[in-house]
Amino acid sequence: MITYEYELDVTPGGAPVCVNLSQYDQDYVLKFCLYSRQGDLDIKQGTTAEICGTKKDGKGYSVDASIDENVVTVSGDNQMTAIAGRQFFELKLKLNGKELNTANFIICVERAALDKDTVKSESVIKELDNAAELADKIIKTVKETENNIKQIAENVSRNASDAALKAENAAVSASQAEESAGAAADFSKESESHSHGGTGTRPGEDTDNSLYYSQLSRQEYERAKKEADRAENFSGFVTPRFLLANNRVYLKRGKTVEFIVANNRMYCKIGA
């Protein structure tokens with residue numbers, strides 16, 4: 001813990017003391033030895049001390065301080081140094097709730113080289129490797145989606161054919177016997193159920209029918225097309241090849257560099 005000591009005049013006027021700190025500093029102590037240039041300073045027993053002020057962001061700050069005779073001590077924190085720049089603070093002395101003396105001083109907070117919320121950059125090569133890996137995953141996903149769509153289409157076609165055959169057989173039976181009419185109607189309903197649902201004859205028929213799978217196939221196709229377009233954007237990325245000679249980095253002769261912005265990032269594409 002670092003302790004900074006200053007002499008502070010409680011008489012109004014004059015140049016205020018400047019306390020120099022670095023942004024985000026914490027775990028430090030400020031000691032102010034109070035005096036009055038107009039005479040002796042008599043600090044009575046029971047006097048309390050407080051430091052307060054307004055930071056550069058417009059927010060107020062106050063903290064209690066300890067006092068021993070004419071020395072005021074305050075433990076600083078990162079709130080006092082959160083904002084860079086010159087900020088005016090005031091030391092107040094009170095006795096029984098009545099304000100006795102005040103002394104102004106300035107805290108000069110030096111800006112930190114790296115803000116706390118700054119995102120650290122990564123290697124460009126690593127970004128390109130990640131892009132290539134992402135492109136491979138997208139291509140794999142597109143192929144798996146195509147296979148799934150084919151399987152769904154085959155199942156839909158098979159169910160529709162089976163339903164149509166049952167309906168046809170039921171119609172033939174109806175012409176042969178009156179009692180077969182009911183069966184034909186049932187098979188017709190089943191055919192309708194497999195076609196587009198909404199008959200109430202099968203559990204889950206509204207999501208297990210030709211119309212539903214057709215719409216699902218269309219959605220899967222659109223998604224696969226989108227993923228394929230993304231894969232095409234990344235497929236041409238390669239890791240640049242450089243030559244180190246005489247403490248300089250050279251790009252391999254005969255290569256050209258194109259820069260492409262994708263997903264709010266800039267990539268370089270090396271070509272012949």
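Mentor: Let us start with a single pair of residues, bearing in mind that this model is predicted. Ser22 has Glu110 as its bridge partner, and Glu110 lies in strand 8.

Trainee: In which sense do strand 2 and strand 8 pair, and over how many bridges?

Mentor: Strand 2 pairs with strand 8 in the parallel sense, and the pairing runs over six bridges.

Trainee: Which residues of strand 2 are on the covered face, and which are on the uncovered one?

Mentor: The general idea is that side chains in a regular strand alternate between the two faces of the sheet. In strand 2, which spans residues 17–22, the covered face holds Val17, Val19 and Leu21, while Cys18, Asn20 and Ser22 make up the uncovered face.

Trainee: Let us turn to a loop. Where is the place of Thr47, and is Thr47 buried or exposed?

Mentor: Thr47 sits in the loop that lies between strand 3 (28–35) and strand 4 (48–54). A residue is called buried when its relative accessible area is under 20%, and Thr47 counts as buried because its relative accessibility is 8%.

Trainee: What does Thr47 touch, leaving out residues up to four places away in sequence?

Mentor: With those sequence neighbours set aside, Thr47 touches Ile67, Leu93, Lys94, Leu95 and Leu100.

Trainee: Now the open spaces: what volume does the largest pocket have, and which residues are closest to its centre?

Mentor: The largest pocket has a volume of about 230 Å³. It is lined by 16 residues, of which Asp9, Thr11, Gly13, Pro16 and Asn104 are the closest to its centre.

Trainee: How many cavities of 30 Å³ or more does the structure hold, and which residues line the largest cavity?

Mentor: The structure holds one cavity of 30 Å³ or more, and the volume of the largest cavity is about 30 Å³. Its lining consists of Val156, Asn159, His194, Asp208, Asn209, Ser210 and Tyr213, with two nonpolar, four polar and one charged residue among them. Helix 1 (124–176) and helix 3 (210–235) each supply at least two residues of this lining.

Conventions
Residues are numbered from 1 along each chain as its sequence is written. This is a predicted model: local features need pLDDT of at least 70, side-chain atom pairs count only at pLDDT 80 or more; totals for chains, interfaces and linings use all residues. Side-chain values use heavy atoms; hydrogens and water are left out. On a 1 Å grid over the protein atoms alone, a cavity is a set of points where a 1.4 Å probe fits but cannot get out, and a pocket is an open set with protein on both sides within 12 Å along at least five of seven lines; lining residues have an atom within 4 Å of a point. Grid points are joined across faces, edges and corners, and a volume is the space filled by probe spheres set on the points. Helices (H or I, at least four residues) and strands (E, at least two) are DSSP runs, numbered from the N terminus. Buried means under 20% relative accessible area, exposed over 50%, partly exposed in between (1.4 Å probe, protein chains only). Contact means heavy atoms within 4.5 Å. Two strands pair if DSSP finds at least two bridges between them. Ala, Val, Leu, Ile, Met, Phe, Trp, Tyr, Cys and Pro count as nonpolar, Asp, Glu, Lys and Arg as charged, and the others, Gly among them, as polar.
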